[in-house]
Amino acid sequence: MKKIINDPATVVADALRGMALAHADLLDVEHDPAVIVRADAPVPRKVAVISGGGAGHEPLHGGFVGRGMLDAACPGAVFTSPTPDQVAAAVARTDGGAGALLVVKNYTGDVLNFETAAELAAADGVDVRTVVVDDDVAVEDSLFTAGRRGVAGTVLLEKVVGAAAERGVDLDGCEALARRVVANVRSMGLALTACTVPHAGEPSFTLADDEMELGIGIHGEPGRRRVPVGPADELVPALLDPILEDLPFAEGDRVLLFTNSMGGTPLIELYLAHGIAERLLAERGIVVERRLVGPYVTSLEMQGMSLTLLKLDDEMVELWDAPVHTPALRWGV
């Protein structure tokens, strides 16, 4: 195992210390329990939008804390759910009096721990709502979930709902908007290589040089099936077609296309794949109105990519374009 770390047992805490120094103007990082909060929290009379999950997916979620997106993020150990006390601390730390919306990826541990934290916060008088993201079309009932996994669509939800909360939309409105995003977002990914979790010290699965894993999640778990590696003109439709068929997306739909690196795939390959996806969508009469390309939901150093489509309406477009100022996303500021 070759990684730029010291002790696998302290890798998350060590990284959080570096993150706090790198983004001291945007974030406050608390360590016991570990919570990343926007520097101006709590914001009075604003719904607090909170998310979290295991480390190893950076910049998800801590990189999206800041104006126009998340009020707080709770980082667990690598690929491990944050604890209820982390989430409860995030709710308390960001409580501006308008309630909290918890954005939870559909993994069993995340769902259970966030629900427990919501009960604790409710006992303290905070109005807390929970929305579960389950955008992965590849696998039902994986190693980590009951039902579909929550993957890269989470970023799009955090941006859209975060912008709404920043504008003063109330908790009912933020929750309804989040559920609308969940209903209209779909994702699928592939891996060319596995990743190595620091405390495990070896790859999470093995692939031959001529194999890839189609339909992977974001925790290094295997996917829908193992297939031969082909050219990009074959790989992109293998991701896009199941997404289009699932909602389904139709001619005339307006979409946001998110082309994501799993961590080890460089932008030159990502842009190439994005161009193919745009062409295929245009051939179907689907209009790409907004785009995001880059390594935003990763699985450590895994080589691979995912595609996400969000069916847009006028409100979502306006909220996507709204100003955002976080370590990983920044525009309009």
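## Ground rules

Residue numbers start from 1 along each chain as its sequence is written, and side-chain values use heavy atoms, with hydrogens and water left out. As this is a predicted model, local features need pLDDT of at least 70 and side-chain atom pairs count only at pLDDT 80 or more, while totals for chains, interfaces and linings use all residues.

## The largest pocket

The largest pocket holds about 540 Å³ of space. (A pocket is an open set of points on a 1 Å grid over the protein atoms alone, with protein on both sides within 12 Å along at least five of seven lines; a cavity is a set where a 1.4 Å probe fits but cannot get out; lining residues have an atom within 4 Å of a point. Volume is the space filled by probe spheres set on the points, which are joined across faces, edges and corners.) It has 28 lining residues, and Ala 15, Ala 55, Gly 56, Glu 58 and Leu 300 sit closest to its centre.

Helix α1 (11–22) and strands β3 (48–55) and β4 (72–78) each put at least two residues into this lining, with α1 giving the most, 5 residues. (Helices, H or I with at least four residues, and strands, E with at least two, are DSSP runs numbered from the N terminus.) By class, you get 17 nonpolar, 8 polar and 3 charged residues. (Ala, Val, Leu, Ile, Met, Phe, Trp, Tyr, Cys and Pro count as nonpolar, Asp, Glu, Lys and Arg as charged, and the others, Gly among them, as polar.)

## The second largest pocket

Next up is a pocket of about 180 Å³. Its lining includes Leu 190, Leu 192, Thr 265, Glu 269 and Met 305.

## The cavity

There's 1 cavity of 30 Å³ or more, and the largest cavity has a volume of about 60 Å³. Strand β7 (residues 185–191) is the top contributor to its lining, with 3 residues. Asp 136, Ser 187, Asn 260 and Ser 306 are among the lining residues.

## Helices α4 and α5

Helix α4 (residues 153–166) packs on helix α5 (residues 171–184) at about 160°, with the axes 10 Å apart. (Axes are lines fitted to C-alpha atoms, for helices over the stretch in contact, and angles run from 0 to 180 degrees between N-to-C directions.) So α4 is roughly antiparallel to α5 (the label for angles over 145 degrees).

Notes. Angles under 35 degrees count as roughly parallel, over 145 as roughly antiparallel, 65 to 115 as roughly perpendicular and the rest as oblique.
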